[in-house]
Amino acid sequence: MNAVKFLIAAYVATWVIHGVYLGSLVRRFRRLRREEREVGKGK
Amino acid sequence: MKRLFPILSILTAIFLAYALYQAWWVAPTDAQQGDVYRIIYYHVPSAWTAFLLFFINFIASIQYLASAKPSTRTAAKWIVTVVGVVGVIACFLPAVQRLIPAGMRPSAVATTVLLIPIFYFVIGWLFPGDRLDVLAVTTAEVGVVFCTIVLVTGPIWARPVWGIWWAPGDIRLTSTLVLWLIYVSYLVLRRFSNSAQTQLLAAALAVFGALDVPLVYFSIWFFRTQHPQPVIGGGGSMDPHMLHTLLISWMAFLCFAFLVCWSRFRLELLHREIEEAHAMESLAGAAAGASLPLSRSVR
Amino acid sequence: MNSLWAVTTATLVKDIRLEWRSKDALNAMLFFSLLVVVIFMFSFDPLAEESRHIVGGLVWVSFLFASVTALNQTWARELRNQVLDAYRVSPAPANALFLAKVLGNFIFVSVLEALMTPLFVIFYNVRVLGPAWQLIPIALLGTWALVVNGTFFAAISLRTRSREIMLPLLLFPVSIPAVIAMVAGTTSILTGEESAHFYLVLLLTYDVVFTTACLALFGTILHAE
């Protein structure tokens, strides 16, 4: 039974890592869109 | 294009859910390891995906280096074609077959070798010029993410099964660790470099990394024959039902990886557009001061 | 081919002469190497039987750190005096400069190793049970492996922020197979438990592969701004 805890831990860890990366992508996208608007206004 | 992404995302999510269902309920329980072995359905597909992404990065890096001059570009195309043809033929020669490590079939090695020219030409066609470099940075980053998952799930699997978190002689996990280190250093170089030719430097590093990996594999392989170690992740043949589930899981993760790469690719393109816009702005500012005519587009 | 060797030798002789005149960097690195050996001696208690199994690893790790200090200043002089720009516009082959630097570093790191080895022998009471002569090719091939890649990555690091940390960051992952071979080879010779033949072949292969790669790509690196 104890072994199943490791199984769950592995699956959770996988999606946590993917989630963190996808989150960083979203954050970077938002920042770039903001910059894009500023550059557009500057012109 | 814009509507395609959300649709594909939903389909991929469904596919991943289906793969999870297969991994948890449909696949049979292992006789020796019990249910813990199901980690394999996340561990192995992540590894295969990471290796594929790093392979694409390697091909893109070589092509980027080769495309610097027309002479090197043609030379590279010829070399890659010859490697493919000779490699495939060589795999079926008895002398070469003796060199192939046990457990690998010659046809599998031949197919892998054939992928080199195929990938080279397909990637060159789909990603011309600077896009090669964008592809390189994309595959490196997403590859590191998947590689991290391999290195995290590996020890989590090893602990309940073997009682140890890590075995230094475990050839697969240790080679994966070195690959991870090489590509993290690649990403650090890209971030810390303030050269105009960062892309070339990074491509050179990628080539070094790719040359390194087989050497790592052989050094640990020999070390292991002298100091027998447990093989984490098991070896040998697999129950067909398990293999079936494994492949489904891999396909699902490939689709997921594709979407992540697509997003990262678009992010990088956007980033470069904005940098160029900034550059154009400063040029326009300088030109306005000197009242010089300025062309609209540099391409 | 003649011009390549002529330029290489000229640059190498110049480097050695300059280094010999101002011995500051040399002395500092020698002292650093000594310190590393002493720290290891205090950290890993040398009991006779076990020590033979770990000395190989300790020796090569200390060589690795010592060589990083030497490699970090490979291009420092060239940078200070804008020599690199002069080299880029001169007709001299880029590989001549690279080879000269690698040979210079090789000689320098070998000197460091020659001075550190007796200290290890003394502190760890090292007695070689296997064929001792094989330690020489391992030392030569291993040092070349570290130095050839180190000089190349030092050149790449020139164009980065945090130059000094960038070099080991790039060098260590790629050097792992060489380090495995060096350490396992040295240990197998010291303990006499197995043949070092495979490790020698691996080191030789590593050196050939990476020397070729460095020579092929150095021109590109040199001309990157």
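Ser162(C) lies in the loop between helix 7 and helix 8 (163-191) of chain C, where helices (H or I, at least four residues) and strands (E, at least two) are DSSP runs numbered from the N terminus. The structure is a predicted model, in which local features need pLDDT of at least 70, side-chain atom pairs count only at pLDDT 80 or more, and totals for chains, interfaces and linings use all residues. Residues are numbered from 1 along each chain as its sequence is written, and chains are lettered from A and ligands numbered from 1 in the order in which they are written.

Ser162(C) is not a glycine, yet has a positive phi of about 50 degrees. Ser162(C) is exposed, with 11 other C-beta atoms within 10 Å; a residue counts as buried if 20 or more other C-beta atoms, placed from the backbone, lie within 10 Å of its own, as exposed if 12 or fewer do, and as partly exposed in between. A positive phi of about 50 degrees is also found at Asn125(C), again not a glycine. Asn125(C) belongs to the loop between helix 6 (94-124) and helix 7 (135-157) of chain C and is partly exposed, having 13 other C-beta atoms within 10 Å.

Helix 8 of chain C packs on helix 9 (residues 197-223) of chain C at an angle of about 150 degrees, with the axes 9 Å apart. Axes are lines fitted to C-alpha atoms, for helices over the stretch in contact, and angles run from 0 to 180 degrees between N-to-C directions. Helix 8 of chain C is therefore roughly antiparallel to helix 9 of chain C, given that angles under 35 degrees count as roughly parallel, over 145 as roughly antiparallel, 65 to 115 as roughly perpendicular and the rest as oblique. Helix 8 of chain C contributes Pro177(C), Ala178(C), Ala181(C), Met182(C), Ala184(C) and Gly185(C) to the contact, and helix 9 of chain C contributes Tyr199(C), Leu200(C), Leu202(C), Leu203(C) and Tyr206(C). Two residues are in contact if their C-beta atoms, placed from the backbone, lie within 7 Å. By class, the residues of this contact are 10 nonpolar, 1 polar and no charged; Ala, Val, Leu, Ile, Met, Phe, Trp, Tyr, Cys and Pro count as nonpolar, Asp, Glu, Lys and Arg as charged, and the others, Gly among them, as polar.

Elsewhere in chain C, Leu18(C) is placed in helix 1 (residues 2-21) and counts as exposed, with 11 C-beta neighbours inside 10 Å. A distance of 30 Å separates the C-alpha atoms of Leu18(C) and Val38(C), which are 20 residues apart along the chain.

Chain B comprises 9 helices and 0 strands. Of its 299 residues, 35% are buried. Among contacts in chain B with a separation of 6 or more, 80% involve residues 24 or more positions apart. Helix 2 (residues 40-66) of chain B has 27 residues and spans 38 Å from its first C-alpha to its last, close to the 39 Å expected at 1.5 Å a residue, the expected span being 1.5 Å times one less than the number of residues. In helix 2 of chain B, 22 of the 27 residues are buried.

Between chains, 30 residues of chain B are in contact with 28 residues of chain C. On the chain B side, helix 7 (171-192) and helix 8 (198-226) are the elements that give two or more residues, and helix 8 of chain B gives the most, with 17 residues. This side has 21 nonpolar, 8 polar and 1 charged residues. Chains B and C share the most contacts of the 2 pairs of chains in contact. No contact joins chain A and chain C, and their closest C-alpha atoms are 22 Å apart.
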